[in-house]
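Here is a short tour to read with the sequence and the model side by side. Please have both open before you start.

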Amino acid sequence: AIDHFEGSSDPKDGTHSQEGLYEDFIKNVGHFDNLKVKKMAGTEASKDDEQYEMVFIDAGHTYDEVVRDINEWLPKTKYLICGHDYDDAWPEVKRAVNDTLGQVEVSGVIWYKVLQPKVSFILPTMATRPEGLKKCLDSIKSLDFPQFLIETRVVQDKPRQGVAKRVEQGVGETSGDYIVFASDDIEFDRSSLREILKVKKGLVSFNTGELSPDEGNINEHFIIRRDLLPKIGGQIFDTDFHHVGVDNLLWAKCKKLGEAVRCETAKIIHHHFTKGAVMDSTYEAGWSKVNEDRELLKKKLAEI
């Protein structure tokens, strides 16, 4: 909580003539043991190096004061910036919020703007790896990112139609601005989502380990912006494929558009059979049509 507790200079604000503001404040909320009060002006407080998940603004109510507070605190806010008195009684507050932030959401007289996108995790599975599935889901829940901005859709491959069709199903059942392709043989590093969202490209691959010489494994797992899909044919994975090669074709399509890049700091642990894991029934099913998929990949790449 940041306030100089000297009252407002705005004659329309009744607190300009009140005394004992700080004492009243402490009586109301001083019992919260997680409350930290900075008895200073917001301009002074915003000069520290801290970052905050949410900032709630309810200081000066003139146009210039609100604009100043938003501009000073926005760079220090990770996920949610919001404030009070967004109503006709304070038209300058409304105008200042609209001019600085554009469209905002409103609940009663509280305005708010979410600063990070909603992310959908699509996880196709054959339900043969319960432990691996749990590890992946637990790693999503442990991400350094607000869970209210994450939705997770587990799609069972039953009957077995392959990963491409299951991902396509998941896309239709989710609504995130970004889509992450997950699986039951990976675990996300806690900071991986935050790191990968810093990269402003349509398709960004996670760092799943050392790249092969031909970079054939560069796009094993990735995040893709949903609004990019119409530019690449409407699908993440081409459903003509069974499994192998879908990631390579996706990478080639996005690379041609200048929208593909790998994020080295967004790390994933990939428990793949090429990295020492057991060649189980799930891998066998996925690679059961490897020759057909590889021939199809050659054909599709030639057509790009």
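## A partly exposed isoleucine

Since its relative accessibility is 32%, isoleucine 110 counts as partly exposed. Keep in mind as you look around that this is a predicted model. Isoleucine 110 belongs to strand β4, residues 110-114. Together with Met54 and Phe56, Ile110 forms a nonpolar patch on the surface, with about 260 Å² of accessible area in total.

Helix α10 covers residues 290-303, and its 14 residues should span 20 Å at 1.5 Å a residue.

The buried residues of α10 are Val290, Asp293, Leu296, Leu297 and Lys300. They cover an arc of only 120° around the axis, which puts them on the same side of α10. On the face turned away from the buried side of α10, you will find the exposed residues Asn291, Lys298 and Ala302.

## Helix α8, a packing partner

Part of what covers the buried residues of α10 is α8, residues 246-256. Within α8, the buried residues are Val246, Asp247, Leu249, Leu250, Trp251 and Cys254. These pack against α6, β9, β10, β11 and α10. After α8 comes glycine 258, with a positive phi near 75°.

Alanine 252 is also in α8, and its relative accessible area of 21% makes alanine 252 partly exposed. Beyond its neighbours within four places in sequence, alanine 252 is in contact with Leu301 and Ile304.

## Salt bridges

The structure holds 22 salt bridges. One of them joins aspartate 240 to lysine 300, with the closest N and O atoms 2.7 Å apart. This pair links distant parts of the chain, 60 residues apart: aspartate 240 is in the loop between β10 and α8, and lysine 300 is in helix α10. Aspartate 240 counts as exposed at 52% relative accessibility, whereas lysine 300 is buried at 14%.

Aspartate 48 and lysine 38 form another salt bridge, their closest N and O atoms being 2.7 Å apart. Aspartate 48 lies in the loop between α2 and β1 and lysine 38 in the loop between α1 and α2, so the pair ties together parts that are 10 residues apart in sequence. Both residues belong to a network of salt bridges that links Lys36, Lys38, Asp48, Glu50 and Lys76.

Notes:
Residues numbered from 1 in each chain as written. Predicted model: local features only at pLDDT ≥ 70, side-chain atom pairs only at ≥ 80, totals over all residues. Heavy atoms only, no water. Patch = residues over 30% accessible without salt bridge, like charges linked within 9 Å, V, L, I, M, F, W, Y side chains within 5 Å. Areas by Shrake-Rupley, 256 points an atom, 1.4 Å probe, with all protein chains shown as cover. Salt bridge = Lys/Arg side-chain N within 4 Å of Asp/Glu carboxyl O. Helix = DSSP H or I, 4+ residues; strand = E, 2+ residues; numbered from the N terminus. Buried < 20%, exposed > 50% of the residue type's maximum accessible area, 1.4 Å probe, protein only. Expected span 1.5 Å × (residues − 1). Arc of directions from axis to C-beta. Contact = heavy atoms within 4.5 Å.
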